[in-house]
Each structure stands twice: as structure tokens, then as C-alpha cells.
2 protein chains.
Amino acid sequence: MMIPQDYPRVIIEAVEPQVDGGRFPIKRVVGERVVVSADIYKEGHDKLAAVLKVRKVGEKRWHESPMTQGDNDRWHGEFTVAAIGRWEYTIEAYAERYLSWVDEITKKNVPGANLNSELLEGLVILKTSAALAPGAERARINGIITAIESALAAGEQQGAIDLGIGSVMRRSMASCPDRSEGYELAPPLAILVNRPITRFAAWYEFFPRSQGTMPYRHGTLQDSIRRLREVKAMGFDVVYLPPIHPIGHSFRKGKNNSLVAVPGDVGSPWAIGNEHGGHMALEPQLGTWDDWDQFVATCRDLRIEIALDYVMNCSPEHPYVAEHPDWFFHRPDGSIKYAENPPKKYQDVYPLNFGTSDRAGLWQEMLKIFLFWVDKGVTTFRVDNPHTKPVPFWEWVIGEVHRRHPEVIFLAEAFTRPKMMRLLAKVGFAQSYTYFTWRNEKEELTEYVSELTSGEMKEYFTGNFFANTPDILPPILQYGGRPAFIVRAVLAATLSSVYGIYSGYELCENAALPGKEEYLDSEKYEIRVRNWKAAGNITHIITRINQIRHDSPALQTYNHVRFLAVDNPQMIAYAKMTDDLSDIIVCVVNLDPFHKQYANLHIPLATFGIAEDEQYQADDLLSDERYRWSGSSVYIELSPTTKMAHIIKIRRW
Amino acid sequence: MMIPQDYPRVIIEAVEPQVDGGRFPIKRVVGERVVVSADIYKEGHDKLAAVLKVRKVGEKRWHESPMTQGDNDRWHGEFTVAAIGRWEYTIEAYAERYLSWVDEITKKNVPGANLNSELLEGLVILKTSAALAPGAERARINGIITAIESALAAGEQQGAIDLGIGSVMRRSMASCPDRSEGYELAPPLAILVNRPITRFAAWYEFFPRSQGTMPYRHGTLQDSIRRLREVKAMGFDVVYLPPIHPIGHSFRKGKNNSLVAVPGDVGSPWAIGNEHGGHMALEPQLGTWDDWDQFVATCRDLRIEIALDYVMNCSPEHPYVAEHPDWFFHRPDGSIKYAENPPKKYQDVYPLNFGTSDRAGLWQEMLKIFLFWVDKGVTTFRVDNPHTKPVPFWEWVIGEVHRRHPEVIFLAEAFTRPKMMRLLAKVGFAQSYTYFTWRNEKEELTEYVSELTSGEMKEYFTGNFFANTPDILPPILQYGGRPAFIVRAVLAATLSSVYGIYSGYELCENAALPGKEEYLDSEKYEIRVRNWKAAGNITHIITRINQIRHDSPALQTYNHVRFLAVDNPQMIAYAKMTDDLSDIIVCVVNLDPFHKQYANLHIPLATFGIAEDEQYQADDLLSDERYRWSGSSVYIELSPTTKMAHIIKIRRW
């Protein structure tokens, strides 16, 4: 083994935050802080200094800020990321020769000590640093150096020491540290920064073809434009559209997923492609590209973001099938394999073969689809089943899109093995569907949400909590009625800063195929025209929840959800708050949609900065009821016949 | 970004054990197991298989063993390391095409299904594997393939399936897996394997110059040879010698570290070098190289290992000072800097400058010293203050020694910042001094020993628990008298599998410099001749403890020390056991050297494999008292006037 010639002179270890030893970037949104800590130490007894260095990838210059030393060789610093795109950060640490000398000479300065030699050593250090100093500072240091030399010549040891370790010199030396005995951590650690809407948004999913007002008439983009205003009025930030492309004919599915379609059946939008085109075409019945452009313009006016479904399926009539048969899987008889999840068969859909010998052709085409729709005004993609494609494809294609359009947001629809869900987030998906939809009990909600928002996952994984989807009508909604719809909306909207519902939720639609989580008469296979003012709707509650979220900085953070003690297993309580405690929200929810529940809620006064004997304001933002509380124990009662949840803003007087 | 051409087809993550993401090796001793686990998964629905691969570094061929799948995509495997040196291991995982096919066709095989296409696909898989199979297996597979084809031709679908998925075919296919859709983790992870004595040894430290029998006469190696037999009789495995080199004259320290030596003062052995030589010379008063060779031969006969102190200090008379003045630190006046720890001064010692411009010269010389003494029969080095030298030096020099002599053991004497202690172990020190010497309370012992033996530190850090050293006479020994000496010996010898004492411990020597942890009349500065049979000695107890350790496989493992509940804060209890529960040891110790203490001890019956209502044997190996116990609660009484500790072997009837 060779003698190392240029080894790190300072040890920098265990840097946080980082994901998998720096293999993947951490994620932030614009304006968020990155709080960094690291173990920094060195052999021997030198004093150390450390700086945190950050820059946008591509910039030459690092922006530096000092780190401070805590217990047990742990150092701390922080910075804020100010623009979208890829950033990088690192740490430089070095032996602080001047401060080490100050420490040494201070310790040695006992009565009678001859410190001539130490003072001469100090002068060497001062002169080295002076050479590094900017002009004005250099002059100041050189002035003091001259004074020290005079004092030394005059035998005034104490005077020389005072000049060398004095506050003026310390301030000057801080401006020109000699970092030659140091180390800069390499390679730097990456940060992927996106827009705030990545971490704070309410999503609303609707089928454009269902937005008409006449039953059985195919809705259009123009109908959807009208609908957008209502979606905006409810307070949603993102409208998510299932595929809007032409739909295949062969093996088209009929109503309720029946194997045989009858004339007039519109088919599943997920079976993409026919004679009108494929992934870069519009279903003609929805309208023209002009209609699409109007839809986009209206969204822009309303400040609604469009999320489009990205689905790597092709119908047998998709142009790719004829043009690139090698992009598909083949059976021994030469025919193309349709999708299967044995014993289920999906004859209307051909999956793509990502391992095809023409991988370059297929992967580039997949990229082209993303770029096409970005050009058409789409900034967010909900990606269908990413866990059935190779992960390196996602890392590549998201990287390629981001290189051109760092503002694009990818949502992974992967209800799969937990580790795959995490890996997809690590390689670039900004948001992920979660298991929230099936977590109903207090204990499982507490455990799952803590895992998402308090562990290392929060550095790279943002859970988009959907209360329902076209594929999932969970049992709690089928059986729990209107109270359950209210409860699940409150939980989704306050446990995560990013949540969504699929249209019909506000009408408490809950008719399911018997024994399944599928909707009866699902929109996936037919057009559904709804009366949005139907009795029993919870539109006003959804609207109120979204308003509360927009007014509350605490609910806009995807940070540590702090669960609170409440002595009834049917009730759950938790707090979200800003770092400075200027906004503190406490949610209390009755998880039992059938019965009244009551409990004592424990308020962690110290955490909230409230004294034991202090009165404080507790305003329920859902009901507009105002309370004045004191002490840490509060009696709460929630009932299906009155209210199922509190969203309480806590304020000191 | 380029489209990745050869990406991992299977994901292998979070492999354990590993140290700092594979940057450093894990450590084992010969015959120990390595239990490996990893997250292994892939996109889609393929069945996977994984093998654990291990080899000695330099071998071509991997030794493989299958891994098994546990919960949540965690896979498990293990192997044993059979020889000292560097090993490496990795994991190869792959999509198991045959088993995936078995799974698919089994799911699809419902009444009326036409599986002709699937069977043809299966034949492709079988033929691919047959080509990979060894001769006999290939013939068997080809026979079945022919039978399947006949069945297919005859329209016997079920018969063809039965042949394809039957147990004969499964067994054959297991012998020739097609791993083309797979990934082998790279680079492999390293293992440093050393001799069992690395992790199981009792150390005894003595000064050869004190082994004479006449007061004031300088002891010799011949005296030490006589003493070796007594050390062996006490059951020690390693004899550790402070430096045995010539000692400097300038600023030689007098008795009790006085600044002025008087004629006859022998000086500190840590101030190495004079006109007789330096680190590769023997102090002439100790004897000749012939005497040394006899000492080594006696150790070999007695199966005692020699540990030599390795001290990077030079006296002003060390040959290096004249030959390599550039290896030292210089003051502004050109003189060489002596060692300091302000305000303390060590004028008899010059530290070496590891950052010297002649780094190659200095570092190679330091290596030469190690190799010289290995040639002279030394296999273990206790390294003095490694934390004041650059860590890359240690990684380099230990690597160089191990490349030639993998059997050499390095003990780090670094009482310093915890993270530095860990890093020194990571870069190659097999053993480390610890803070055990100052941990006396139940809570601090529990916390510290758990950190050392149960966390990730156990993968690379072996704590050598010294009860005293020539530098450390801890307060508990100064004030606690003979009971404290017994307690601390039992704790050291049973909490860690590697422990040591410095001679005089067995005589309960406890005279200290007032207000310090330093011995009065310390052997560091003078010759001390002792009466080894002095009244009150605990030689027989030390001997018994060492005997118990040699008889107990449980006490020979440096694994998880399991602390047991005992309802008295002055008492501590813990168990060590072998994996197969064939040896279970329970220690109970009274931490209060002044008073009788009693408590109820909780025996974790289930952990020990004992039924609630079962009687079991509990033999105190220290006192030879035998008990029959039942139930989980046992009354224990320990007293300074009778006994201070139990070392109990638990046995089922």
C-alpha cells in the first residue's frame, strides 16, 4: 500500500441529512431550510473550525456559513435553498492554527513563564494569515504584528500576549483563516429543490368526459373548463386528469369492467391509443387542441396546476404496436402479450417491455411523451404503476425532464412493497401515493404517519394522502357514511400537507361492487354526470378545510406530526406547528363514524410555550367556536350527529 | 444523461453487517459466523433468488450459500470464516425465471384454461437452464423436456404441467439457475479475520525491571522468565510489557515523577532511546538478545502471548534526533520541541511530527519497528496514544503489517473522544482500551457495555477492559479496599471477553498520590519489588475467575451482554450465553464495597429455555456452592464480609 500523500487532515463523518450515504439527493422546496450536522474531529489537540458550503449545481462559487460545535464533536449549521433545481452542499473543516495558539498560550501563561518562543510561533501564524487577508484587514493585522514585535523587543511579554489574543486580533483573524490544514468533504451532497406546491397542495381528480351536464353525453374540455371554477371555489390547487388520449377498440371493457363492450361504451382511458393517435393525442370527443389550450389558460388564470396521468399501456390499436412491435412482449406464437395479473387478464392493454433490445428507442420515446405534455402546459405527472418498470428508467427519465424543466413534479402511483416505494422517491418522484387510504385505526395511523414525517423518509418522500381514488373506495367509506367522509377528509388534509380526493367524494358516493373496493358503475368504464348540489354533500366542509390549510403555515409544513395523548382509543389527536410556534394547530378526530366519543385530551403546554397556569385561546377553525382553556387536560366530545373533528388553533393571550 | 446500458436488474440494499457503507471491514475471529441480511427486490412480479458469496481476498472462486427470504423483502444468510486474513463477501440476486413460471402457470391453471402458450414459454426456460447444467443433470432435464413435448403433442396439458412443475424438475432446476437477469453487489464488503485470542484473552501487565527479588536491583529478562510461570498459573493468556528499550538521560524523571532525577533513578521507559539505541534496542540492564529469545521461547512453551508497548516518543538522546532532526517539531530558535499538555511539560520526551516533509522516511521507519519486533516474536502491540497521530497513518501501517503478518493484533490506548476511539478501531485496531475503568454505577455500566456489545460497534470494536493500569488507579480502588478489587476484577472479566490487570492488582495495591489517579511510588519511575504472597492478596480469586472463563464458552464471546432486572440499585446482574444455550452464565455483583446488599434477581426463564414450573441448577462457579432454583425470582445477598459476586452457571435438569 502506498503512503497516502494527501490524506484528509480533518475527519468529517456522519453528515446529516443525506440519503443512502449520498447516493440520492435530499429534497426541499424553495425557501426551506436545510439543517446540517456532522461529526468533525482531528487527532491531537488543535482547535477546529468548520464551514457549511452550498451552491446551485453549475455555480462556481460556494456560499459559506460557519458551523458551530456542539457536544461530542457534533457540529451544526444551516442554510436556505432559494431556487428550484439541483443544489449541492459540503463541509470544509480545518485546524484553526490561530485559535489553537490562543488556547495554548493562555494555558501556558502562568506567573514566571517564559513564552518568548510561543510568541514567535504566534507571529508566524499571524503573518501567514495576514497574507491571506483582504487589504484593510491585512493592514490592521500587520499593524498589530508590528506592535507585538516592539513589545517583545522591549521585554513586555504580557503586552505582546494581550495584543496577540485580544478581541481586535480575533475579529481580524476570523476574516482570513488559514485553511491549509483542512479537508473539504467530497463529493458534495445533492439537494433537489422544487416549488412549494410539491409539499403543499390539495388535489382534485376528475374525468373530463364526465363533466357534461347531460347524462350519456360525452363531456368535453369545454365542460371541464366550466367545472374548473367550482374546483377552485372548493379551494383545490391541483386538478388531476386521468388519461385524455384516444381509447382502443379491441377487447374494450364495458360498464362495470364487463368483458364485452356494447355500442356506446366509452372504454377505459387507461387503454391508450387508436386510429386517432396515442400518448401525444387527444381523445377527439373531448375536443381540439384549441380547447386544450383554453383549458390550460383557464387553469393558469385560476392558479390551478394540471396533473396528467402518465400510463405506459398501449391498446392493440396504439400506433406503437404497428411501428415498434419489438417494444412489446411476445408469446411463442408471435402474438403480443396482453397484461395479466393471474388469473386476471387485461386483453385491452399491452404492457411495454422496458428490457427490449431497442431500449434506446423506447426510453427516448417515453421521455418525448413527458416533454410533449410539458410543452402543452402540464407541470405535474401522476405516474401509473412505476414499480413495474425498472427503477433505473425512472432515475434516467426524471433526470432528463428535470435537466430541461426542473419545475416538473412526479407523483408515483405505486401501492407496492414499502422499500420499492421509498426507492422510487429516492430516484426522483417528488410525491408518492401512500397506504393512508387503508389506515383507519389510531395505532396504525400514528405509526405510519410518524414513519413518514419524523424519520429519515421526510428527507426524500412526500406522501400525497388520497382519501379515495377511482380504484379505491375503502371499506370505511362504504360503511361509515357521511361522518366517515368528513373524518377521512380532515385526516388526509391535516396529517399531510399534500392530499387529494377523487370527485364524488364531496357527495359521499359510497356504492361499491359487492365485496370489493371498486366503485359500482365506475367512471373508469362509463360517463357519470352528477348533481353537485345533491343533499348531504360535504362541499362546504371540504371548502372550509382547504381554506384553513391556506391560512395555516403549520398545516403547510410536511414536518413531524406530533401525536397527542387522548384517553380514548376511538379518538386521535395531533399537533402541527411552525418552528417559531407562531402557528400551532391541534386536530382531534373521532375515528368511530357510528358513535359519540369523548375523552380527555392532553395539551403539551411546555412544547407550545404556554405556562402551566396560563390561560390560552383555542379556536376551532372548522366550527368557528372559540374557547379559552387553561391547564393541560381538556375534555373533548365528538359525535356523528354534531361534529366529528376539531381543527383548533392554539394561541397565547 | 446517457441511457444506462447495464443497470442492476435486481436491487440489493441495506446489507448488514457493514461499517460506514463498506468503507471499513467488519471484524471476526477464526470460526465465527457472519450473519448477513439485505433488502432484495425487483420491479414487477418475478420470483427472486439470492446467494451469499464469500472468499479469502486473493482467491478466485466464491463459496456460495443460498439466502432465504424473510418479511418485507429482507433476505438472510450466513457463513463462517475459517482462517485469519482479509475476507470479502457479496450477494448475488437474480430473477428466478423457472420459479416465476411455476408460479404463473399454477395461478393460471383453472378449469378450461388453454395454457399451450405458457407451456411453450416454459420449455424455453427449461432449455436455457439445461444448457447451463452439469452433464448428469442436463440429461435428466432434457429427458423431462422430451416428455413434456410428447404430452403437449398428445394434448395432455395437465400432464405436461405436472412434469414441468414437479419436484424432480424443481430439484434439477435448482442446480442450474439462469442468473442472466441478476446483479452482484459491487464492490464486495470486507472482513478482517484474526485469531480467537483477539476476542478472548486475559492480559497481565508487568514491568520486567521490577521482577527481581532484591530491592533496588534492576530486574532482568531472566527474572521475568521466572515470573512468567506465576502469571501462567494465574490463568493469564497475554503478558504485556511496557517499553523495554534504552531510556534517555536528559530531563530524566525521578521517583514520583519529580523533575530532577538522582543517581540510580531508572527513568520512565516511555522516554525511549539513548547511546545504546532506540526502538529496536533492548535496555542493557534487562539483558541480552539471548535473554530475550529465552523469554520468547518460554512464553511459547507456556502458551503466553507477548504484547509489547509501541510508543512514538523519543528521548533527547534517541538516535533519530541526530539522524532525522526533520522528524521532530522545532521551536523558532531551532531547538526541538518537547511534549507538552499545557501547563504540563514532558522535557524528557520529543514527539514525532507525522506531517514532516520526510513523511515517507518517518512512516516507513515506524513500520520497520513493528516488523522488527514481529521478527523477535511479538504478535501483539499495545499502541500508546494513537489518537495524537493522523488516522491515515494507522490505516496504512496496520495494513502493511497485516499484509505480511495477518496474525498481529493491535490494541489502541486511546482514552479520548468517543468518535476517535471508534475510528481507530475501524481502521484496524483489533482491541481498544475503554472507559470501563471509570464506570462504576449500575446505570452507567449498563449503558456503556450495551453500547459496546449490542450496537453496531460490536462489528469492529473489541473493548479490552482494564481494571487498572500504571497510569490509572481509579478512586473506587483507592477507597473500596479488597472488596472493590474483587468486584472490579469480576466485572472486567465477565462483562468483556478481553480484560486485563496491571501487576500489583492481585495485592490490592491502592496507595495513590493525594488527589490523583496516579500510583504512589509508581513503577513508571522506579523499580518495585513485591511480596506476591502478601496478606490479603486476591491471587486465588483472580486465578479462579480466569479458570471459569477458560471453562465457559459463553464468557468467551464478546456478544450481547444481557442485563437482568435486580431490584437494588447497588447490585448489577447480567447474563452471557452461547447461541445454542448450551452455556448460560449469570453474574450478580454487589457494587457497594462497604455494605451488605440484597435483592430479588429476575431470571428470564423463557430466554434461557426453562419452563415456568421447572427446577433448574444454579452453580456458583466462584464459591462452588450449588443451588436448585425454580421460578423467575431469586433472592440474592452479597456482602464485603462474605462474598461480593456470584458467577452462576445455569443448567436445566
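Domain bounds are taken from an automatic or database domain assignment. For chain A of this predicted model, that assignment gives domain 1 (10–96 + 182–193), domain 2 (98–174), domain 3 (245–281 + 313–351) and domain 4 (562–652). The C-alpha centres of domain 2 and domain 3 of chain A are 81 Å apart.

Residues are numbered from 1 along each chain as its sequence is written, and chains are lettered from A in the order in which they are written. Local features need pLDDT of at least 70, side-chain atom pairs count only at pLDDT 80 or more, and totals for chains, interfaces and linings use all residues, while side-chain values use heavy atoms, without hydrogens or water.

Two copies of a chain are related by a rotation about an axis and a shift along it. Chain B is superposed on chain A by a rotation of 180 degrees with 0.0 Å of shift along the axis, at an RMSD of 0.1 Å (least squares on the C-alpha atoms of residues with pLDDT of at least 70 in both copies). This is the relation of a two-fold axis. In chain B, the C-alpha nearest the axis belongs to B:G21, at 3.5 Å from it. Of the interface residues of chain B, 100% are also interface residues in chain A, so the copies meet through the same surface.

Helix packing was examined in each chain, with helices (H or I, at least four residues) taken as DSSP runs numbered from the N terminus. Axes are lines fitted to C-alpha atoms over the stretch in contact, and angles run from 0 to 180 degrees between N-to-C directions. In chain A, the axes of helix α13 (residues 475–495) and helix α14 (residues 539–551) come within 11 Å and cross at roughly 15 degrees. α13(A) and α14(A) are therefore roughly parallel to each other (angles under 35 degrees; over 145 is roughly antiparallel, 65 to 115 roughly perpendicular and the rest oblique). The contact (heavy atoms within 4.5 Å) involves A:R482, A:I486, A:A489, A:V490 and A:A493 of α13(A), and A:H540, A:I541, A:I542, A:I545 and A:R549 of α14(A).

In chain B, helix α9 (residues 359–375) and helix α10 (residues 391–404) pack at an angle of about 40 degrees, with their axes 10 Å apart. That angle makes α9(B) oblique to α10(B). From α9(B), B:W363, B:Q364, B:M366, B:L367, B:F370 and B:L371 meet B:P392, B:F393, B:W394, B:W396, B:V397, B:E400, B:V401 and B:R404 of α10(B).

Note on methods:
Helices (H or I, at least four residues) and strands (E, at least two) are DSSP runs, numbered from the N terminus.
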